[in-house]
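This report covers side-chain pairs and the surroundings of a ligand in one structure. The model is shown first, and the description follows.

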Amino acid sequence: MNIEDKLFQIRFNVDTIPHIKVDLKACDSCQEKWCLYVCPVQNYKLEEGKMSFAWQGCVECGACRIACEKGQVVEWNYPRGGYGVCFRYG
Ligand code: SF4
Ligand code: SF4
């Protein structure tokens with residue numbers, strides 16, 4: 001099963017409050033920008049030299065939290081109870 005098929009099995013109850021906050025000013029000086037490579041749903045984007053982040057499609061994998069080498073830049077939490085991803089079975 002490829003990643004697109006796996007992502008199709010997910011549904012979201014998107015919270016209006018971001019569960020992940022990114023200090024995008026700190027991203028300006030980041031050379032590696034690993035988040036661009038590890039996020040399976042491309043929530044991190046680099047456009048015209050500026051990073052942006054959207055939490056809505058997050059599948060809560062935690063990869064960006066681990067990949068970011070700049071300490072406190074990614075403030076990562078799970079969504080509030082009742083929000084976030086759930087998986088379709090069957
Ligand atoms: S890896 Fe961290 S500091 Fe670098 S661009 Fe991504 S979120 Fe920003
Ligand atoms: S937790 Fe995973 S899906 Fe969510 S923004 Fe980070 S890398 Fe992307």
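## Salt bridges and their surroundings

D28 is partly exposed, with a relative accessible area of 42%. The model is predicted, and D28 belongs to one of its salt bridges, the one formed with K50, where the closest N and O atoms are 3.3 Å apart. D28 sits in the loop between α2 (24–27) and α3 (35–38) and K50 in strand β4 (residues 50–53), so this pair ties together parts that are 22 residues apart in sequence.

The count of salt bridges comes to two. Besides the D28 and K50 pair, R80 forms a salt bridge with D15, with 2.7 Å between the closest N and O atoms. R80 is in the loop between β5 (74–76) and β6 (84–87), while D15 is in the loop between β1 (10–13) and β2 (20–22), so the pair ties together parts that are 65 residues apart in sequence. R80 is partly exposed, at a relative accessible area of 41%, whereas D15 is buried, at 6%.

D15 takes part in other interactions. A polar atom of the D15 side chain lies 3.2 Å from the backbone nitrogen of I17. With neighbours within four places in sequence left aside, D15 is in contact with W55, R80 and Y83.

## Aromatic pairs

A search of the whole structure finds three aromatic pairs. The rings of Y44 and F53 have planes at 45° and centres 4.7 Å apart, so this pair is tilted. W76 and Y78 form an edge-to-face pair, with 80° between the planes and 4.9 Å from centre to centre.

| Residue | Relative accessible area | Class |
|---|---|---|
| Y44 | 4% | buried |
| F53 | 18% | buried |
| W76 | 9% | buried |
| Y78 | 58% | exposed |

## Ligand 1

Which residues surround ligand 1? The shell consists of C27, C30, K33, W34, C35, Y44, M51, C68, K70, V73 and V74. By class, nine of the residues around ligand 1 are nonpolar, two are charged and none is polar. Y44 of the tilted aromatic pair is one of the residues in this shell.

Technical notes:
Residues are numbered from 1 along each chain as its sequence is written. Chains are lettered from A and ligands numbered from 1 in the order in which they are written. This is a predicted model: local features need pLDDT of at least 70, side-chain atom pairs count only at pLDDT 80 or more; totals for chains, interfaces and linings use all residues. Side-chain values use heavy atoms; hydrogens and water are left out. A residue is near a molecule or strand if one of its heavy atoms lies within 4 Å of it. Ala, Val, Leu, Ile, Met, Phe, Trp, Tyr, Cys and Pro count as nonpolar, Asp, Glu, Lys and Arg as charged, and the others, Gly among them, as polar. A salt bridge is a side-chain nitrogen of Lys or Arg within 4 Å of a carboxyl oxygen of Asp or Glu. Helices (H or I, at least four residues) and strands (E, at least two) are DSSP runs, numbered from the N terminus. Buried means under 20% relative accessible area, exposed over 50%, partly exposed in between (1.4 Å probe, protein chains only). A polar contact is a pair of N or O atoms within 3.5 Å; within protein, one must be able to donate a hydrogen and the other to accept it, and residues adjacent in sequence count only if both atoms are side-chain atoms. Contact means heavy atoms within 4.5 Å. Rings of Phe, Tyr and Trp (its six-membered ring) pair if their centres lie within 6.5 Å; planes under 30 degrees apart count as stacked, over 60 as edge-to-face and the rest as tilted.
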